[in-house]
Amino acid sequence: MAGLMMAPRMTLAKQAEAKDRIDALMARMTIEEKAGQLNLMNDPFRWRPEGVNPGDRLDSDQAQTAADIKAGRIGALFNGVGAATTRLVQDMAVRESRLGIPLLFAADIVHGLRTTFPVPLGESASWDLELAERTARAAAVEGGASGVHQTYAPMVDVARDQRWGRVVEGAGEDVLLNNLFAAARTKGFQGDDLTHWSSLLACPKHFAAYGAAESGMDYNSTDMSEVMLRSVYLPPFKAALDAGALSVMSAFNDLNGVPTSGNKWLLTDILHGEWGFAGFVVSDYTSEAELVAHGFAADGRDAARIALMAGVDMSMKSGLYLRHIPDLVASGEVPMARVDQAVRRVLMTKAALGLFDDPYRGSDVAVERRVVGSRDHLDLAREAGRKSIVMLKNEGGLLPLPKSGQRIALIGPFGADAADVFGPWSIFKDTDLAVSLEQGLRQALRDPNALTVVKGSDVEAPLPGGIEAAVAAANEADVVLLAIGESSVMSAESKSRVSIDIPAPQLALAEAVAATGKPVVVLLRNGRGMELSGAVAGADSILVTWFLGSETGHAIADVLFGDHEPTGRLPVSFPFRSGQSPFYYAHKATGRPSQPTDQEFTSKFREVPHAALYPFGHGLTYAPIDWSETRLSSQTMAWNGQIEASVTLTNGGDRDVTEVVQLYIRDRVASLTQPVRLLKAFRRVTVPAGKSVEVTMPLTFADVQFMGPDHTMIAEPGLFDVWLSASAQTGQAAQFTLLR
Ligand code: BGC
């Protein structure tokens with residue numbers, strides 16, 4: 001039974017016990033009860049995280065759901081949290097349904113539950129995998145204590161087009177970074193023992209190539225070569241599965257003409273056949289029903305049949321499986337064996353979570369009270385927040401600012417705001433835990449009254465008198481902090497943008513403030529790589545602050561006033577202009593590569609270089625760091641061999657700083673053209689004040705392989721470039737030849 005493979009942390013005895021239990025259960029299940037196990041509905045108790053009492057009157061939705069649970073028509077619920085609620089609802093399944101099969105509670109716990117950590121893109125700017133594992137662990141502790149068993153995370157869609165609203169949910173544009181964060185987050189969510197109340201089943205999403213939506217418009221179609229799919233979009237899923245993930249979410253998009261939620265090649269042949277995945281696949285919100293709108297299924301019944309036969313085991317929200325499976329089996333259109341396979345996968349996962357032994361695992365009000373929003377978690381949110389900040393520029397060493405002796409004007413729609421610090425997918429946040437920028441700065445300043453706060457503009461509309469008030473405040477100040485950018489509703493699911501710029505009213509505000517001649521620090525709030533122009537690009541200093549979550553104000557103050565260094569590096573490119581989208585560093589050379597001096601008849605736009613204003617990997621520290629050129633241990637690499645690359649970093653400042661040494665390669669000649677640079681490894685290193693540090697990193701035979709035309713990894717002898725550099729656009733390459 002494939003299901004037996006699926007719980008690597010279960011002992012063999014436990015697996016055998018689970019199998020016997022599930023066999024016995026399945027022998028007693030009616031086809032309606034089987035369909036019920038594959039039916040996932042949203043939890044109408046979701047807005048009662050404080051709990052429901054058995055005596056409470058249920059509204060009509062709740063009453064219907066309760067009746068369905070008791071009749072065995074629902075196997076899982078999503079986005080209801082709270083120990084008291086989940087315990088009560090679980091009771092309905094365990095005590096009042098015929099077979100007493102426990103429910104699976106799932107939720108979108110993407111970057112925290114009540115304590116909110118930085119959005120995943122922001123946290124990925126830390127290039128700190130251990131940090132990502134720790135925040136995922138803390139999120140799982142809060143989620144588990146609130147009765148949740150599965151999280152719809154991590155999102156591992158590689159996102160190369162910054163117009164796409166969901167860039168914010170993942171690790172950005174690079175494959176390696178996505179692979180590593182996918183694994184780290186999966187490990188963090190699932191912990192060491194899946195049966196423990198604090199372990200959440202991870203669900204990497206959205207399988208697959210959802211991030212490649214044409215023109216960055218959400219839900220749009222994707223069409224790409226299999227080589228592209230296998231070299232860029234599939235690897236992060238494989239990485240999450242290798243880290244132990246036991247569920248996967250299918251996607252909304254069409255891939256090469258076959259919608260992913262009806263794509264047997266993806267969901268069965270690759271996932272189970274090639275990769276040996278033995279968990280279950282859940283559709284995305286009604287994505288199986290959407291096969292009809294795609295023009296791939298005639299009606300709901302047809303859609304249910306196609307999705308189930310393709311490999312979607314559990315249907316989210318549409319109710320189509322419940323409605324149609326009994327009849328599809330009766331008519332012979334769907335073999336019972338396929339239904340049984342899906343049910344086994346779901347039940348084995350419930351067993352792997354320990355739900356048959358303790359259906360109430362985690363639903364404990366006392367534990368919930370102790371761990372949710374705990375001091376430890378808030379401290380971690382602050383640490384993660386400051387490590388996510390990226391300093392793009394710092395002219396004249398304006399930052400860090402002194403904590404006294406200066407009057408500061410905090411201007412912009414995000415200065416006093418406490419609602420927009422969380423970012424998208426923070427549906428369970430505790431709004432009382434928000435530390436606004438204003439609060440964080442005032443607490444850090446010796447004299448809190450040295451700070452004046454003026455909004456100046458709304459996010460997308462001008463504010464009457466706003467600019468005048470902002471200019472007056474700037475004139476009174478020694479330095480201006482400009483808190484501008486995107487709100488959380490501009491950067492999320494379905495929030496694709498035609499232009500990735502800062503809204504015009506805020507740009508007008510920035511111009512007016514810059515005209516005062518005061519030094520300006522931009523504190524950018526954003527969920528994607530953005531176009532920075534005019535006075536924003538021209539500011540003295542720019543900090544990318546994403547959506548940092550509960551501890552936003554403290555985290556920014558930590559870096560702004562120099563208690564901590566900025567250590568983040570961009571996980572996405574900031575192109576010069578929106579119209580370059582999709583711009584990503586690992587592009588191909590083309591037959592007419594653009595040169596800085598070339599103007600015409602090369603591959604570039606008229607107005608801007610074919611480059612980023614701030615490239616992938618970029619991020620400054622509070623000390624000037626000199627990078628030597630890259631040195632190699634040998635000019636040749638033997639087949640199956642390895643060489644070493646080294647670089648010397650010299651800190652010309654008076655502070656110890658952390659650098660991120662990035663190892664890129666380029667395969668100069670290959671039978672399939674290769675990117676102009678590709679990240680292969682990175683290392684965070686401390687460079688003490690006034691000292692030099694030599695960093696040596698191995699370059700292995702695995703690093704020079706690429707996805708060949710027959711869809712296996714191959715290597716070809718020939719010339720390679722290697723950089724150990726501070727970003728995808730800096731450094732001088734060294735060369736070596738791979739010998740056969
Ligand atoms: C999103 C998923 C999410 C699901 C459940 C969908 O709209 O695409 O990422 O997990 O809703 O909330």
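**Exercise 1. In which loop is the place of Pro-400?**

Solution. 
- The model is predicted.
- Look between β10 and β11: the loop there holds Pro-400.
- Now check the bond to the residue before. Leu-399 and Pro-400 are joined by a cis peptide bond, with omega about 0 degrees.

**Exercise 2. Work out the strand order of the open sheet of six strands, and say why one side of β10 and of β12 is left without a neighbour.**

Solution. 
- Write down the order: β10-β15-β14-β13-β11-β12. The pairing is mixed.
- Go to the edges. β10 (390-394) and β12 (451-454) each have a single partner strand, so one side of each has no neighbour in the sheet.
- Pick one pair inside the order. β13 (residues 479-485) and β14 (residues 520-525) run parallel, joined by six bridges.
- Ala-483 has Leu-523 of β14 as its bridge partner.

**Exercise 3. Which strands of this sheet does helix α17 touch, and which does helix α21 touch?**

Solution. 
- Take α17 (residues 437-444). This helix packs on the sheet and touches β11 (408-411), β12, β13 and β14.
- Compare directions. α17 makes about 170 degrees with β12.
- Take α21 (residues 552-560). This helix also packs on the sheet. Its contacts are with β13, β14 and β15 (541-544).
- The direction of α21 makes about 145 degrees with that of β14.

**Exercise 4. How many residues surround the ligand, and which are the closest?**

Solution. 
- The count is 14. The closest are Asp-108, Arg-166, His-206, Asp-284 and Glu-493.
- Sort the shell by class. Seven residues are nonpolar, two are polar and five are charged.
- List polar distances to ligand oxygen atoms. For Asp-108, a polar side-chain atom lies at 2.5 Å from one.
- For Asp-284, an N or O atom of the side chain is 2.6 Å from a ligand oxygen atom.
- For Arg-166, the distance from a side-chain N or O atom to a ligand oxygen atom is 2.7 Å.
- Finish with burial. The ligand taken alone exposes 310 Å², and the protein buries 94% of that.

**Exercise 5. Which strands stand at the edges of the open sheet formed by five strands?**

Solution. 
- The order reads β20-β28-β27-β22-β23, with mixed pairing.
- β20 (636-637) and β23 (678-687) stand at the edges. Each has a single partner strand, so one side of each lacks a neighbour in the sheet.
- Examine β22 (residues 657-667) and β27 (residues 718-725). They run antiparallel, with six bridges joining them.
- Locate one bridge. Gln-662 has Ser-725 in β27 as its partner.
- Recall what holds such pairs. Strands of a sheet pair through backbone hydrogen bonds, parallel or antiparallel.

Conventions:
Residues are numbered from 1 along each chain as its sequence is written. This is a predicted model: local features need pLDDT of at least 70, side-chain atom pairs count only at pLDDT 80 or more; totals for chains, interfaces and linings use all residues. Side-chain values use heavy atoms; hydrogens and water are left out. Two strands pair if DSSP finds at least two bridges between them. Helices (H or I, at least four residues) and strands (E, at least two) are DSSP runs, numbered from the N terminus. Contact means heavy atoms within 4.5 Å. Axes are lines fitted to C-alpha atoms, for helices over the stretch in contact, and angles run from 0 to 180 degrees between N-to-C directions. A residue is near a molecule or strand if one of its heavy atoms lies within 4 Å of it. A polar contact is a pair of N or O atoms within 3.5 Å; within protein, one must be able to donate a hydrogen and the other to accept it, and residues adjacent in sequence count only if both atoms are side-chain atoms. Accessible areas come from the Shrake-Rupley method with a 1.4 Å probe; for residues, only the protein chains shown count as cover. Ala, Val, Leu, Ile, Met, Phe, Trp, Tyr, Cys and Pro count as nonpolar, Asp, Glu, Lys and Arg as charged, and the others, Gly among them, as polar.
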